[in-house]
Amino acid sequence: MQQDELFMRRCIDLAMNGLGNVAPNPMVGCVIVHHGLIVGEGFHAVFGGPHAEVAAINATKNKEILNESTLYVSLEPCCHFGKTPPCTDKIIQTGIKKVVVGIRDPFAQVQGMGIARLREAGVEVVEGVLEADCAALNKRFFTFHQKKRPYVILKWAQSLDGFIDKTRDTDEPHINWITGEKIRLLVHRWRSEEQAILTGKNTVLKDDPQLTVREWYGKNPLRLVIDRQLAISSTAKIMDNAAQTVVFNSVKDAVCGNIEYKKLDFSKNIIPEMLTVLYEKNIQSLIVEGGCVTLQSFIDEGCWDEARVFSGNCFFFNGIRGPVINGRLENIQNIGADKLSTITNNRADSSWCS
């Protein structure tokens, strides 16, 4: 078992190379082992491209040893036709006799059927190696398929005295910076790793953010803004052509270029409705970078999975207080003069989002 865990750990490390590039598919890593040595390895690199198992098989130079080898994979091999053929068929065709799987796939078209297909073909299958780690690897994918909503990440920065913004002395849009340049680079990297990013009207009016990946390499997330009465000017940066944008409002449904206006019922709690819209758009992860009202509404509804809270090395003395959140503190990290606290939602009740 110790050796199985060692090779599965390598699968997880390989899978991480697909972060930000494979959604809405899961991140998957695979290694092929012959007499205790890795002879081929691969990962799912890009949506629509070869899956990890195929990449690892193709990377094995001597195909004649495959029938004496064990294939390790972090997620159950697929057994259906999507953008690529079933990985189970490829594995069976190679003559591989043993497959070690990290965790079963929650996707309705797989869900144990890939494992069943392998066993029916005479392949020995071992399940559940580093299962918790494999689930954590694809927390976005599992949340999407099991809870029918995106994985929600809350993010904000606050001063040492707990404020997320100073008292404004002008109506001109500007940012009261709390953290340093290293944090801005990190935040842009995070944006490249997730599929959507949300903010509220007041944040747009005060800060005029663009919500793109300008200081990092990668794809821009789908931009979302809550603007009930359509008060945001067409000249705001979030309304430019840099990325697709959805404006949640109470006025209209319409599409204008890269801007989609989505009408919601603001007489009700709009968070479940917004997350349902994103689920229907196949969006598996969401960063919320709004102001205190937007962030607190997600917290109060229990519709969050992870919070990333920066503490800058500064005092504001007055202004807008940061959100109040309860959860499990997973980690505190120093980044230059700033600190990053990672908190996870440990609610166990039966509310819509938990």
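Leaving out residues up to four places away in sequence, Tyr151 touches Lys139, Arg140, Thr143, Gln284, Ser285, Leu286, Asp305 and Glu306, where contact means heavy atoms within 4.5 Å. The model is a predicted one, in which local features need pLDDT of at least 70 and side-chain atom pairs count only at pLDDT 80 or more, while totals for chains, interfaces and linings use all residues. Residues are numbered from 1 along each chain as its sequence is written, and side-chain values use heavy atoms, with hydrogens and water left out.

Tyr151 belongs to strand β6 (residues 151-158); helices (H or I, at least four residues) and strands (E, at least two) are DSSP runs, numbered from the N terminus. With a relative accessible area of 7%, Tyr151 is buried. Here buried means under 20% relative accessible area, exposed over 50%, and partly exposed in between (1.4 Å probe, protein chains only). Between the C-alpha atoms of Tyr151 and Tyr72, which are 79 residues apart along the chain, the separation is 27 Å. Gln284, one of the contacts of Tyr151, also touches His145, whose contacts beyond its neighbours within four places in sequence are Pro106, Phe107 and Gln284. His145 sits in helix α6 and is buried as well, at a relative accessible area of 15%.

Grid points are joined across faces, edges and corners, and a volume is the space filled by probe spheres set on the points. At least two lining residues of this second largest pocket come from each of α1 (2-15), α5 (131-137), α6 (139-147), α7 (181-193), β14 (306-311), β16 (328-335) and β17 (338-344). Helix α6 provides the largest share, six residues. By type, the lining comprises 15 nonpolar, nine polar and 14 charged residues. In this count Ala, Val, Leu, Ile, Met, Phe, Trp, Tyr, Cys and Pro are nonpolar, Asp, Glu, Lys and Arg are charged, and the others, Gly among them, are polar.

In the whole structure, one cavity of 30 Å³ or more is found. The largest cavity has a volume of about 130 Å³. Among its 18 lining residues, Val22, Ala23, Asn25, Met27 and Arg140 are the closest to its centre. The lining of the largest cavity divides into seven nonpolar, seven polar and four charged residues.

Helix α1, which contributes to the lining of the second largest pocket, has 14 residues and reaches 20 Å from its first C-alpha to its last, close to the 20 Å expected at 1.5 Å a residue. The expected span is 1.5 Å times one less than the number of residues. In α1 the buried residues are Asp4, Phe7, Met8, Cys11, Ile12, Leu14 and Ala15. These lie on the same side of α1 because they cover an arc of only 160 degrees around the axis, the arc being that of the directions from the helix axis to the C-beta atoms. Gln2 and Leu6 are exposed on the other side of α1. The cover over the buried residues of α1 includes β1 (29-34), β2 (37-43), β3 (70-73), β4 (98-101) and α5. Helix α2 (residues 52-59) has Ala52, Glu53, Val54, Ala56 and Ile57 buried, and these pack against β1, β2, β3 and α3 (87-94).

Finally, the backbone deserves a look. Most residues other than glycine have a negative phi, and most peptide bonds are trans. Ala23 and Pro24 are joined by a cis peptide bond, with omega about 10 degrees, and Pro24 lies in the loop between α1 and β1. His35, in the loop between β1 and β2, has a positive phi near 50 degrees and is exposed at 67% relative accessibility. Asn282 has a positive phi of about 65 degrees; this residue is in the loop between α9 (270-280) and β13 (285-288) and is partly exposed, with a relative accessible area of 35%.

How values were computed: On a 1 Å grid over the protein atoms alone, a cavity is a set of points where a 1.4 Å probe fits but cannot get out, and a pocket is an open set with protein on both sides within 12 Å along at least five of seven lines; lining residues have an atom within 4 Å of a point.
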